[in-house]
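My entries follow in the order I made them.

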Amino acid sequence: MVEGVIPNRVVGAITVIAIGILLNILGLGIFCRALFGLATNALPTFFGLTVGLCVYQAGTGPVGATVFGVVASVIVLVLGQFVFTLLRVPILRVVIALPFAVPAAFAGYQAAYELSGHTMTSGLWREIFAVMGSIAVGATAWVRFAVLSPAAPGMFGRRPAAS
């Protein structure tokens with residue numbers, strides 16, 4: 001063996017470990033992104049899962065149950081946004097948006113609480129991170145719901161276009 005030369009199997013092991021760490025970080029990021037997406041759409045996701053499970057129990061196969069569940073989720077989201085768009089009174093818009101934002105905030109709390117439990121042992125810090133996660137997910141759900149639905153004419157200081 002020549003001095004100063006690292007054996008090939010050591011370099012290979014280090015490379016595999018580095019690639020493994022990078023792939024774990026990438027996988028965790030993808031998982032967190034999917035979890036965040038599901039949490040911000042908690043009401044349509046829950047409704048779609050409920051419909052899918054009911055249809056599956058009624059005898060439809062897994063593909064049919066998946067299709068029914070996805071269609072039910074889309075219908076709930078689109079119907080909520082449509083009603084939100086039609087309403088012109090801000091308090092009624094809040095009443096329509098709350099059922100979408102509150103479950104999202106609760107799902108964000110639970111997700112952040114459980115994920116923080118894997119990294120820290122202090123109950124106080126777990127609660128702090130869970131509340132921060134709840135606020136972040138609830139606010140994101142609220143903003144996404146409001147942004148995807150155009151504001152009614154004359155809302156929020158905007159004047160309707162002159163005819």
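I call a residue buried when its relative accessible area is under 20%, exposed when over 50%, and partly exposed in between, using a 1.4 Å probe and protein chains only. By that cut-off I found 23% of the 163 residues in the chain buried.

I noted that this is a predicted model, where local features need pLDDT of at least 70, side-chain atom pairs count only at pLDDT 80 or more, and totals for chains, interfaces and linings use all residues. Residues are numbered from 1 along each chain as its sequence is written, and side-chain values use heavy atoms, with hydrogens and water left out.

Next I looked up the fold. I took helices (H or I, at least four residues) and strands (E, at least two) as DSSP runs, numbered from the N terminus. The chain has five helices and zero strands, in the order α-α-α-α-α.

How far apart are the ends of helix α3? I took the expected span as 1.5 Å times one less than the number of residues. For the 25 residues of α3 (residues 62-86) that gives 36 Å, and the end C-alpha atoms are 36 Å apart, so the two agree. Buried in α3 are A65, G69, A72, S73, V76, G80, Q81 and F84.

Then I checked S134, which lies in helix α5 (residues 123-148). Is S134 buried or exposed? S134 is buried, because its relative accessible area is 17%. Counting contacts as heavy atoms within 4.5 Å, and leaving out residues up to four places away in sequence, I found S134 touching A105, G108 and Y109.
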